[in-house]
Amino acid sequence: MAEGRPYVFHVLTLFPQMIRQAVGHSVLGRAVEAGLIEVRVHDIRDHTSDRHRTADDEPYGGGPGMVMKVEPVAGCLARVRAEAAPGTRALLMSASGVLFHQAMARSLAAEPGLILVCGHYEGVDERVALHYVDGEVSIGDYVLSGGEVPALVVVDAVARLIPGVVGNRDSLAEESHEEGLVEYPQFTRPAEFEGHRVPEVLLSGNHAEVRRFRREQALDKTRRNRPDLAARLPPEPARGRPRPPRLGRPPDPEETR
Ligand code: SAH
């Protein structure tokens, strides 16, 4: 991202309000107000050519539901690519795409901006994936009714990695998935609630002990909740920073099982 210029997300959708409303609050809302990011929403229906503004049609070969037509999406994308910064990547939100993950968010945050295309109904004419975007991204192994929530997931994950969006840079480095681990558990006041005490070591003021405790807890929680991640950690003493996987790939095929 060029210093001083906002990182621009372009979201192409049939339901612009879903995106507009969601980006007006909290961390994203403040980032927009501060001019750190911009979220431009483009209505795919503005690129239909018939009187009824038809954006979907029946699938060739039969089958249930409706499929989003290629022309309005391609037309909208052409317009957006013309206004986006050169080199901006366009990704189609898709339940059959490659899995989104933290390292991908990091690579995307280092690019000049991002174009996201939201499908709806039974999906989008495959020619969009084949010829008009640079990749297909899934946010997880479940099917949602539209690409708007997935696009917001990507916008949120990428935006908080843009410098200045999250106040304290240190909080980013220690978060879940940054080192192939989930984050250590966090506690705040009071030190005791309904008989449940905060671990003593956190009150001790001994920073080395706190660091060691947190590391152990993060490992423990990773093993319990995410055995798939734990299996990929290097053997104990040699553990360094794992190399981020290439963009467009989940960290390991094991994870998708
Ligand atoms: N028939 C499709 C699902 C269509 S869901 C299939 O079986 O794969 C409608 C739209 O929602 C998709 O075009 C996509 O844009 C979005 N979508 C649904 N689940 C998603 C997921 N897990 N990740 C990203 N996008 C998703």
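Select Thr222 first. This residue is buried, because 23 other C-beta atoms lie within 10 Å and the cut-off for buried is 20 or more. Thr222 sits in helix H8. Now show its contacts. Leaving out residues up to four places away in sequence, Thr222 touches Leu181, Val182, Leu229 and Ala230. Thr222 and Gly180 are 42 residues apart along the chain, yet their C-alpha atoms are separated by 8.9 Å. Keep in mind that this is a predicted model.

Is Arg214 buried or partly exposed? It is partly exposed, because 18 other C-beta atoms lie within 10 Å. Draw a distance from Arg214 to Gly63. The two are 151 residues apart in sequence, and 52 Å lie between their C-alpha atoms.

**Zoom out**

Show the whole chain as a cartoon. The secondary structure comes to nine helices and nine strands. The C-alpha trace spans about 70 × 40 × 40 Å along its principal axes. Of the 257 residues, 26% count as buried.

Colour by domain next. The domain assignment gives domain 1 as 7-159 and domain 2 as 173-256. Taken over C-alpha atoms, the centres of the two domains are 32 Å apart.

**The nonpolar core**

Select Val11, Leu12, Val73, Leu116, Val117, Ala151 and Val155. These have the most contacts inside the largest nonpolar core, which has 43 residues. Several elements supply at least two residues each, including strand S1 (7-13), helix H2 (26-33), strand S2 (37-43) and helix H3 (70-83). Strand S6 (113-117) and helix H6 (148-159) are also on that list. Which element gives the largest share of this core? It is H6, with six residues.

Centre the view on Val11. Setting aside neighbours within four places in sequence, Val11 is in contact with Ile19, Val39, Val41, His42, Leu116, Cys118 and Ala151.

**Helix H4**

Go to H4, residues 102-109. Show Ala103, Met104 and Leu108, the buried residues of this helix. Look down the helix axis. The buried residues fall within an arc of 140°, so they line one face of H4.

Colour the shell by residue type.

**An exposed loop residue**

Select Ser145, in the loop between strand S7 (135-138) and H6. Ser145 counts as exposed, because 9 C-beta neighbours lie inside 10 Å and the cut-off for exposed is 12 or fewer. Now draw a distance to Arg81. Ser145 and Arg81 are 64 residues apart in sequence, and their C-alpha atoms are 26 Å apart in space.

Most residues other than glycine have a negative phi, and most peptide bonds are trans.

Start with Arg53. Find it in the loop between S2 and strand S3 (56-57). Arg53 is not a glycine, but its phi is positive, about 55°. Arg53 counts as partly exposed, because it has 14 C-beta neighbours inside 10 Å.

Move on to Tyr121. Look for it in the loop between S6 and helix H5 (126-131). Tyr121 also has a positive phi of about 55° without being a glycine. With 17 other C-beta atoms within 10 Å, Tyr121 is partly exposed.

Finish at Pro190. Pro190 lies in the loop between helix H7 (169-173) and strand S8 (192-193). What kind of peptide bond joins Arg189 and Pro190? The bond is cis, with omega about 5°.

Technical notes: Residues are numbered from 1 along each chain as its sequence is written. This is a predicted model: local features need pLDDT of at least 70, side-chain atom pairs count only at pLDDT 80 or more; totals for chains, interfaces and linings use all residues. Domain bounds come from an automatic or database domain assignment. A nonpolar core is a set of buried Ala, Val, Leu, Ile, Met, Phe, Trp, Tyr and Cys residues joined through C-beta atoms within 7 Å. Helices (H or I, at least four residues) and strands (E, at least two) are DSSP runs, numbered from the N terminus. Two residues are in contact if their C-beta atoms, placed from the backbone, lie within 7 Å. The arc is that of the directions from the helix axis to the C-beta atoms.
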